[in-house]
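Q: Please take a close look at the aromatic rings of this model and at their surroundings. Which side chains meet at the rings, and where do they lie?

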Amino acid sequence: MGWVPLTAWIIATSGLCMSRAYTPTQVLGVAGSSALFKAAPPPNFHSREFFWSSLQPSEELVATSLKGSPEIQYRSRFYGRTRLHDNFTLEIDPVDLEDAGKFSVLLVDTTGHMQKQTFELKVYDTISNPLIQVFTEEKDLNGSSETCLVFLTCHAASRTNVTYEWAGLAGKTGPRPKHWLMEGGQVLRTKLDPKEALQVTYTCTASNAVVHKSATVELRDSCQQPSEGEKKTAHSLRELLLIIIPVASFFFLLAVLSCVCYKQHSGKKMFYRVPGNESIQL
């Protein structure tokens with residue numbers, strides 16, 4: 001029997017090895033990086049051939065090794081991305097999101113016994129560095145200026161689901177601030193004492209099963225109240241504008257009226273031209 005018919009027969013009959021239920025071995029990969037599938041032959045199992053297959057969306061050969069001669073030139077969707085290692089390990093480099101699915105390896109020993117193992121590949125996308133934005137409210141719902149409401153939003157770009165977690169370090173003295181998580185943890189609402197805000201640091205961690213990225217923000221000026229000097233300056237400027245604008249408007253109106261009265265007393269006739277080239281004397 002030639003190697004090609006033998007290979008087809010082994011693959012066709014490999015389902016007999018799956019009569020017992022096996023839990024697939026989990027393989028985690030990151031898009032753009034490599035994924036390794038490590039076969040684990042049982043003790044005293046002297047492998048002679050092995051066959052790697054992709055089971056989804058349809059079963060297809062990915063790589064084989066017959067009597068120590070590897071073959072990875074199968075025109076599967078993994079063509080050009082596969083590599084076989086000496087310890088029966090299959091490497092796919094790089095992997096992407098659509099590569100996720102189940103794989104199997106069929107091991108054949110020198111006596112013709114077969115052992116099949118299955119793997120489940122899960123591919124996660126990379127995560128960008130989180131971006132934290134800070135928004136504040138001057139007063140809380142009770143109108144008290146002794147507290148400061150702060151909203152922190154965290155966003156990281158990714159093609160797969162991202163989990164957000166917050167860590168906050170309050171000052172060494174005083175109680176820890178109150179926190180409320182919103183929008184699945186992507187928004188953090190906290191109530192701070194403006195006097196203690198300088199001592200608060202928050203870290204947002206965006207992660208999935210294999211990638212973790214963090215960013216930190218310090219609330220330096222977000223809750224700072226203006227000083228007495230700044231308040232007086234602001235009030236003075238506002239009061240000055242309230243005086244200047246009415247006075248300027250009064251003098252402008254007075255100038256317009258003076259101009260109209262001067263033309264009337266000078267004896268000059270004023271005309272207003274309307275459509276149709278007709279003039280009306282004022």
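A: A charge is taken to sit over a ring if NZ of Lys or CZ of Arg is within 6 Å of the ring centre and within 35 degrees of the ring normal. By that test, arginine 189 has its charged end over the ring of tryptophan 180, 4.7 Å from the centre. Arginine 75 likewise lies over the face of tyrosine 79, with 4.2 Å to the ring centre.

The model is predicted, so local features need pLDDT of at least 70 and side-chain atom pairs pLDDT 80 or more, while totals for chains, interfaces and linings use all residues. Residues are numbered from 1 along each chain as its sequence is written, and side-chain values use heavy atoms, without hydrogens and water.

Next come the contacts between rings. Rings of Phe, Tyr and Trp (its six-membered ring) pair if their centres lie within 6.5 Å; planes under 30 degrees apart count as stacked, over 60 as edge-to-face and the rest as tilted. The whole structure holds six aromatic pairs. In one of them, phenylalanine 37 and phenylalanine 119 have ring centres 6.0 Å apart and planes at 90 degrees, so they meet edge-to-face. Strands are DSSP runs of E with at least two residues, and helices runs of H or I with at least four, numbered from the N terminus. The pair joins distant parts of the chain, as phenylalanine 37 belongs to β2 (residues 35-37) and phenylalanine 119 to β9 (residues 114-124), 82 residues apart.

Burial is judged by relative accessible area: under 20% is buried, over 50% exposed, and partly exposed in between (1.4 Å probe, protein chains only). Phenylalanine 37 is buried at 0%, and phenylalanine 119 is buried at 2%.

Strands count as paired if DSSP finds at least two bridges between them. β9 is part of an open, six-stranded sheet of mixed pairing, in the order β1-β9-β8-β3-β4-β5. Neighbouring strands are turned by 20 degrees against each other on average, direction ignored; the axes are lines fitted to C-alpha atoms, for helices over the stretch in contact, with angles from 0 to 180 degrees between N-to-C directions.

Within this sheet, β3 (residues 47-54) runs antiparallel to β4 (residues 60-66), joined by six bridges, and the two form a hairpin with five residues between them. Tryptophan 52 faces alanine 63 of β4 across the pairing. β3 also pairs with β8 (residues 101-109), again antiparallel, over seven bridges. There serine 54 stands opposite phenylalanine 103, and in β4 serine 54 is opposite glutamate 60. Six of the eight residues of β3 are buried, so the rest of the structure largely encloses β3.

A nonpolar core is a set of buried Ala, Val, Leu, Ile, Met, Phe, Trp, Tyr and Cys residues joined through side-chain atoms within 4.5 Å. The largest has 22 residues, of which Ile132, Leu152, Trp166 and Tyr202 touch the most other members. Two or more residues each come from β11 (148-155), β12 (163-169), β14 (187-192), β15 and β16 (212-218), and β11 gives the most, with four. A separate core of 21 residues includes Phe78, together with Ala35, Leu107 and Leu121.
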